[in-house]
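Please keep the sequence and the structure in view while reading.

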Amino acid sequence: MYDERLRALREAMRQQGVDMHMLTTDDPNFSGSIAPDKYWRTMEWLTGFSCSFGYMLITADRVTFWTDFRYITQAKNQVRLSDAEIF
């Protein structure tokens, strides 16, 4: 499921001529917490990661996922993209 979503995102990026996309766990106001209504939970939707801090850089051939030391173990358990590198 998650790899299929990533493929669809990459296809949309290709169609729009976008070389890289950055995805964060933040809402537009950078509030530091994720709203319970799931509207801004795009990171969780795309990867399965449910913590409050993380970001990803997505290109046509690479996915890098970044979080801080508090969530590294959880990221390794939750990020369900087969080719994501976790830092």
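A residue is called buried when its relative accessible area is under 20%, and exposed when that area is over 50%. The model discussed here is predicted. By this definition, buried residues account for 32% of the 87 residues in the protein chain. The accessible surface of the chain amounts to about 5,700 Å², and carbon and sulfur atoms contribute 53% of that surface.

The chain contains three helices and four strands. Read from the N terminus, these elements follow the order α-β-α-β-β-α-β. Among contacts between residues at least 6 apart in sequence, 48% connect residues at least 24 apart.

Helix H1 covers residues 2-16 and therefore has 15 residues. From its first C-alpha to its last, H1 reaches 21 Å, close to the 21 Å expected at 1.5 Å a residue. Which residues of H1 are buried, and which are exposed on the other side? The table gives both groups.

| Group in H1 | Residues |
|---|---|
| Buried | Tyr 2, Leu 6, Arg 10, Met 13 |
| Exposed, on the other side | Glu 4, Arg 7, Gln 15 |

Seen down the axis of H1, the buried residues fall within an arc of 75°, so they line one face of the helix. In general, an α-helix has 3.6 residues a turn, so residues three or four places apart point the same way.

The buried residues of H1 pack against strand E1 (21-24), helix H2 (42-47), strand E2 (55-58) and strand E3 (63-66). Just after H1, Gly 17 adopts a positive phi of about 75°.

Technical notes:
Residues are numbered from 1 along each chain as its sequence is written. This is a predicted model: local features need pLDDT of at least 70, side-chain atom pairs count only at pLDDT 80 or more; totals for chains, interfaces and linings use all residues. Side-chain values use heavy atoms; hydrogens and water are left out. Helices (H or I, at least four residues) and strands (E, at least two) are DSSP runs, numbered from the N terminus. Buried means under 20% relative accessible area, exposed over 50%, partly exposed in between (1.4 Å probe, protein chains only). Contact means heavy atoms within 4.5 Å. Accessible areas come from the Shrake-Rupley method with a 1.4 Å probe; for residues, only the protein chains shown count as cover. The expected span of a helix is 1.5 Å times one less than its number of residues. The arc is that of the directions from the helix axis to the C-beta atoms.
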